[in-house]
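Q: Can you walk me through this protein? I have the model open and would like to go piece by piece.

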Amino acid sequence: MLIAQATLSKVMGNVKSVSLNRFSFWGDLVHLVFPEACISCSKELAFSEKSICSICISELSETNFHLSKDPTAIDQLFWGRFDIHKAYSYLFFEKGKSSQHVLFSLKYKDNPAIGEYFGAKIANRISTMSEFNDIDALIPAPLHPKKAFLRGYNQSEALAKGIGETLNITVDITSVIRAKHGSTQTKKSRFQRWDNVQSTFKTKKSILNYNHIVLVDDVITTGSTLESIAQSIRLTHPKVKISIVTLAIS
Ligand SMILES: [Zn+2]
């Protein structure tokens, strides 16, 4: 009986390894027929590369804000405006370079995998920062449901997912919602933008479950949208600690 069981488990083991080999065989075949292209330079990716090639990765300029003992450019962005516990960005946004292609692909090319990929990179960095060691929830900057529907997904949510999965932290997409369809921000002054987002976000009582939340967004420019989200959250939960994490700072 024992021998029979041992033989059976050996056979099953073989079956398992055969089917695994078969999977990688099909994976390789699919790659040969439909090779994945780098989201930045469009060159064909090697078998070991995912979404972005190693050359484009080497061209990204990382902020290294996680190594700074002093407040960084993103912390200073909120000075005199809003009490942010800690802020962090992974990359410097550079026009015409890899970082622009990464952000464009994340935002418009329906590519949540790239968000999750960079989310994991961010997680790796903030896990070394003591200011982020007590996070209760990650809150992606909400898109208007209509925009999310048209685009297929929320790029900030993809980033938050990557961070959350790596650090085992909840991603909360229901406590803060975008109530108004904000018009495009790019041609407005800082005050107009701030005024525009004032009535845009609504926070639910479920936010009271947290002591420290981290707002996640793809890119930070003036910080007015994130400031407005933070203000909306403080109206419901005045004592909550709010931090900010973005993929890039421009
Ligand atoms: Zn590339």
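This is a predicted model: local features need pLDDT of at least 70, side-chain atom pairs count only at pLDDT 80 or more; totals for chains, interfaces and linings use all residues.

Q: OK. How many helices and strands are there in the protein?
A: There are nine helices and seven strands. Both are DSSP runs numbered from the N terminus: helices are H or I with at least four residues, and strands are E with at least two.

Q: And what share of the residues is buried?
A: Buried residues account for 36% of the 250 residues. A residue is buried if 20 or more other C-beta atoms lie within 10 Å of its own, exposed if 12 or fewer, and partly exposed in between, with C-beta atoms placed from the backbone.

Q: Now the sheet. What is the strand order?
A: Five strands form an open sheet in the order β1-β7-β6-β2-β3, with parallel pairing. The edge strands are β1 and β3 (170-171), each of which pairs on one side only. Two strands count as paired if DSSP finds at least two bridges between them.

Q: How many bridges join β6 to β7?
A: β6 and β7 pair over eight bridges, in the parallel sense. In that pairing Val 214 stands opposite Ser 243 in β7. Between β6 and β7 the chain passes through α9, and this β-α-β crossover is right-handed. Right-handed here means that, with the strands pointing away from the viewer, the path from the first strand over the helix to the second runs clockwise.

Q: What about β2?
A: β2 runs parallel to β6, and four bridges join them. One of the residue pairs is Pro 140 with Val 216 in β6. β2 also pairs with β3 in the parallel sense, over two bridges. There, Leu 138 stands opposite Val 171 in β3.

Q: Which helices pack on that sheet?
A: Among them is α4, which touches β1, β6 and β7, its direction making about 110° with that of β6. Another is α7, which touches β2, β3, β6 and β7 and makes about 130° with β6. Axes are lines fitted to C-alpha atoms, for helices over the stretch in contact, and angles run from 0 to 180 degrees between N-to-C directions. Contact means that the C-beta atoms of two residues, placed from the backbone, lie within 7 Å.

Q: Why is β6 called largely enclosed?
A: Seven of its nine residues are buried, so β6 is largely enclosed by the rest of the structure. Leaving out residues up to four places away in sequence, Val 214 touches Ile 135, Leu 138, Ser 243, Ile 244 and Val 245.

Q: How many residues does the largest nonpolar core have?
A: It has 52 residues, and those with the most contacts inside it are Ile 122, Val 214, Leu 215, Val 216 and Ile 229. At least two core residues come from each of β1, α4, α5, β2 (137-140), α7, β6, α9 (224-236) and β7. A nonpolar core is a set of buried Ala, Val, Leu, Ile, Met, Phe, Trp, Tyr and Cys residues joined through C-beta atoms within 7 Å.

Q: Back to α9. How far does it reach from its first C-alpha to its last?
A: α9 has 13 residues and reaches 19 Å, close to the 18 Å expected at 1.5 Å a residue. The expected span is 1.5 Å times one less than the number of residues. Its buried residues include Leu 226, Ile 229 and Ile 233.

Q: New topic: Arg 125. Buried or exposed?
A: Arg 125 counts as buried because it has 20 C-beta neighbours inside 10 Å. Arg 125 lies in helix α5 (residues 112-126). Apart from neighbours within four places in sequence, Arg 125 is in contact with His 66 and Tyr 90.

Key: Residues are numbered from 1 along each chain as its sequence is written.
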